[in-house]
Amino acid sequence: MHIPDGFLDAKTLALSGALALGALALAVRTAQRNLPPRRVPLIGITAAFVFAAQMLNFPVAGGTSGHLLGGVLAATMVGPSAAVLVITCVLIIQAFLFADGGILALGANVFNMAIVGTIGGYGIYWLVRRVASGLRGQLMAAAFAAWCSVVLAAGSCAAQLAFSGTVAWTLVLPVMTGIHMLIGIGESLITALVLLAVARTRPELLTEIADGHKGLLWERLAFGLLIALGLAVFAAPFASRKPDGLEYVAQVQRFEHKAVEKNIVPAPLPDYTIRGISSPGMATALAGGIGTVLMFGFAFLLARALLQNKSHAS
Amino acid sequence: MHHDFIDRYSRLDSVVHRRAAGLKLAVALALLLAIILWPRLDKSGLIAFAAIAVVLLGLAALSRIPPGFLATRLLMLEPFALGIAFLSLFQPGGGQTFLLLLLRSTLCLFTVLLLTNTMPFADILRVLKRCRSPSLLLTTLALMYRYLFVLIDELERMQRARAARTFRGGRWQTWRALALLAGELFVRSTERAERIYAAMCARGWK
Amino acid sequence: MSTAHQAIEIENLSYCYPDSSQALRAISFSVAEGECVGLIGPNGAGKSTLLLHLNGILPETQRNAAHIRIFAEPISRDNLPAIRRTVGVLFQNPDDQLFCPTVFEDVAFGPRQAGLSEPEVTEKVRVTLAAVGLHGFERKSPHHLSQGEKRRVCLAGVLACEARVLALDEPTSDLDPRNRRAFTALLKPIRATKIIASHDLNMIAELCQRVLLLDGGELVAEGPAATLLANEPLMLEHGLERARALQPGR
């Protein structure tokens with residue numbers, strides 16, 4: 001999901017960069033206030049840990065393998081605002097050490113994975129924790145939230161690609177979210193399993209952290225607002241079925257046509273998107289809804305199965 | 001095995017490596033912007049892209065990074081780009097968009113590869129510091145860069161020790177074992193973080 | 001014994017880890033300025049815990065700190081920065097101690113915290129690195145160094161702080177014999193007061209005038225290095241052995 005350079009246009013880069021910077025500043029602020037100095041090195045080490053854990057290849061099928069992304073896992077381990085920092089640093093290192101993910105596109109990648117994925121995922125984790133208590137609730141919440149975080153990040157990534165005019169919304173959204181709904185299952189399993197492993201050896205690590213990051217209300221609201229703003233800007237022109245939204249896209253397209261004059265690459269997504277938006281859009285939404293419900297059930301069963309194994313073993 | 005080879009080429013000594021970090025970053029950003037802002041793939045576009053490619057190849061030759069390494073890295077990073085570009089084939093006028101995206105992303109990838117392999121990470125930290133990044137971010141990045149090598153080595157030792165005593169096991173067993181490994185690595189990492197904190201305090205960290 | 005010349009004074013120090021395992025029990029001793037004292041004992045005797053107390057890293061709560069005086073100054077929260085400048089600690093694992101991305105940054109860490117100007121820091125780093133035989137290593141990253149080089153950088157990092165007391169925790173445990181001898185030779189001329197915890201009894205015999213034997217968190221024996229290290233029954237009883245350097249027929 002690391003967008004390389006060359007796929008996003010200038011306006012998308014600028015917008016997502018600004019959003020990412022804002023959210024990052026907020027995260028640093030919150031983390032700095034909540035962190036006792038003793039825990040400052042822990043954030044750097046957790047970032048190194050997430051990076052190292054991503055190198056573990058979990059066998060999937062037919063010789064393919066998947067690996068951890070780690071947003072929700074990090075958030076349950078060091079708290080959401082520190083996790084934003086952790087994932088941001090992982091992305092920076094991946095871009096500057098391995099050229100994995102672009103440098104201009106760093107802001108977009110940070111926004112998708114460190115902000116939307118991590119904070120969004122943690123928000124869902126927090127919500128599920130309200131209704132499900134105990135270790136089982138924690139595992140279930142983490143499993144479900146991990147899946148959601150991957151799908152959310154993929155959706156945001158798709159929206160940016162479409163907003164840049166690189167690929168048509170009706171193509172990129174179903175493909176990106178579809179693939180990541182599958183990848184997310186792996187993420188969900190790994191997150192729950194790792195969390196369980198930590199909970200069994202050092203349970204106090206998880207509770208201690210959970211107590212240590214009381215975010216202020218306005219900070220939570222600001223995070224939510226930034227994410228909503230980003231998604232609204234990137235996705236609203238496509239998701240909205242009102243003519244205004246469509247006209248807006250069309251205007252943008254026409255504007256670009258004019259700006260670059262003749263002999264251009266035919267701008268992506270002219271009529272096709274506009275004609276096709278209702279059916280594929282609806283289909284994607286429906287599939288997403290069904291997938292989410294199924295995944296919630298899966299997370300519930302997974303948490304139950306994992307803890308039943310434990311009572312057998314002991 | 002030690003994973004110190006990960007960023008081995010960023011410390012070569014060449015004309016390119018010796019340039020100031022800020023300059024390299026600025027040139028790379030300028031090239032990237034030029035690549036993504038060039039709107040069309042007509043004759044002048046092709047000439048512009050070809051010119052950028054020549055510049056990049058020239059820099060690559062000057063940098064003394066083995067061409068084979070650059071080529072392999074480029075191929076390894078191409079699949080995602082290809083996937084997205086491939087999608088664009090399914091829309092009207094897709095053929096040309098596909099070509100444009102492929103050219104753009106390959107050139108961008110090459111630029112980023114060159115930059116990352118001619119600039120030690122410590123230099124990037126210095127640039128970030130000069131840009132007045134928050135100290136928490138800098139500390140986190142510096143610690144992360146330092147310890148990712150240590151943790152990867154540790155993970156590999158643990159994985160080897162596990163493999164040495166694993167005789168069978170299905171996919172589910174492998175998953176559980178890998179997760180246990182990651183969990184153990186995290187627990188060890190938190191303990192290491194405590195020791196690092198002690199070492200930082202011992203030298204006057206506030 | 002006049003207090004004025006004591007670099008380290010510890011009186012009746014006990015320490016319990018948060019998991020309620022007793023690490024130190026009623027330890028008392030003192031170290032004179034310029035002295036080099038060996039701290040020996042089996043695994044888990046409490047050697048590292050004791051060293052961590054010397055510059056106020058342990059205990060996390062400052063309750064016990066009054067038992068420890070550095071140059072007649074009891075450790076307290078207020079003088080912690082000063083204490084940490086006075087006492088340098090060389091940790092057991094170089095990977096824990098070298099936490100900066102480059103050798104330069106790492107050696108510069110202490111001097112920068114002490115408020116030196118950037119040219120002074122650069123000069124300090126150059127001189128200290130040369131002193132440990134690593135001239136020109138500034139731009140290297142710790143993960144590219146050999147174990148022996150890492151140890152030397154750790155030492156440089158501590159020396160750059162100009163500490164008057166050095167607490168060294170297993171400084172030679174992961175070195176091959178040649179590096180061990182070289183590192184011992186590096187330590188020898190350092191004029192600061194040294195307290196060295198180690199299983200490397202040959203090094204202790206070579207460097208230390210006096211030895212403290214710790215077992216089960218208690219100070220079991222104390223005495224001149226030559227006598228104590230040569231006492232084979234005592235050494236064997238506490239999981240150690242007679243130093244080869246002191247064995248007859250050598």
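Author: Between chain B and chain A, about 7,100 Å² of area is buried in this predicted model, and carbon and sulfur atoms give 81% of that area. On the side of chain B, the residues that lose the most area to chain A are B:L136, B:W175 and B:F186, which together account for 11% of what that side buries. Counted by residues, 77 of chain B are in contact with 79 of chain A.

The polar part of this interface can be listed briefly. There are two salt bridges between chain B and chain A, and a salt bridge joins the side chains of A:R202 and B:E191, with 2.6 Å from N to O. Residue pairs in polar contact, counted where both partners have pLDDT 80 or more, number three between these two chains. The side of chain B that touches chain A draws two or more residues from each of the helices α2 (21-37), α4 (67-88), α5 (94-118), α6 (121-130), α7 (135-164) and α8 (171-202) of chain B. Of these elements, α8(B) gives the most to that side, with 22 residues.

Chain B also meets chain C, where 26 residues of chain B are in contact with 27 residues of chain C. These two chains bury about 2,400 Å² between them, and 54% of that area lies on carbon and sulfur atoms. From the side of chain C, the three residues C:D96, C:F99 and C:H143 supply 29% of the area buried against chain B, which is more than any other three residues supply. Four salt bridges are counted between chain C and chain B, and in a salt bridge between these chains the side chain of C:D95 meets that of B:R146 at 2.8 Å, N to O. Nine residue pairs, both partners at pLDDT 80 or more, are in polar contact between chain C and chain B. The elements of chain C that give two or more residues to this side are β6 (87-90), α3 (94-97) and α4 (103-113).

B:D123 sits in helix α6 of chain B, and B:D123 counts as buried because its relative accessible area is 9%, under the 20% cut-off. Apart from neighbours within four places in sequence, B:D123 is in contact with B:A21 and with C:R139.

B:K24, in helix α2 of chain B, has a relative accessible area of 8% and is therefore buried as well. Leaving out residues up to four places away in sequence, B:K24 touches B:V16, B:H17, B:R19, B:L115, B:T118 and B:M119. A polar atom of the B:K24 side chain lies 3.4 Å from the backbone oxygen of B:R19. Along the chain, B:K24 and B:R171 are 147 residues apart, and their C-alpha atoms are separated by 46 Å.

Turning to the surface of chain A, A:V175, A:I179 and A:I183 form a nonpolar patch there, with about 220 Å² of accessible area together. A:V175 has its place in helix α7 (residues 169-201) of chain A, and A:V175 counts as partly exposed because its relative accessibility is 31%, which lies between the 20% and 50% limits.

Definitions and conventions:
Residues are numbered from 1 along each chain as its sequence is written. Chains are lettered from A and ligands numbered from 1 in the order in which they are written. This is a predicted model: local features need pLDDT of at least 70, side-chain atom pairs count only at pLDDT 80 or more; totals for chains, interfaces and linings use all residues. Side-chain values use heavy atoms; hydrogens and water are left out. Patches are made of residues with over 30% relative accessible area and no salt bridge: like charges are joined within 9 Å, nonpolar side chains (Val, Leu, Ile, Met, Phe, Trp, Tyr) within 5 Å. Accessible areas come from the Shrake-Rupley method with a 1.4 Å probe; for residues, only the protein chains shown count as cover. Helices (H or I, at least four residues) and strands (E, at least two) are DSSP runs, numbered from the N terminus. Buried means under 20% relative accessible area, exposed over 50%, partly exposed in between (1.4 Å probe, protein chains only). Contact means heavy atoms within 4.5 Å. Buried area is the accessible area (1.4 Å probe) that two parts lose on being put together, summed over both. A polar contact is a pair of N or O atoms within 3.5 Å; within protein, one must be able to donate a hydrogen and the other to accept it, and residues adjacent in sequence count only if both atoms are side-chain atoms.
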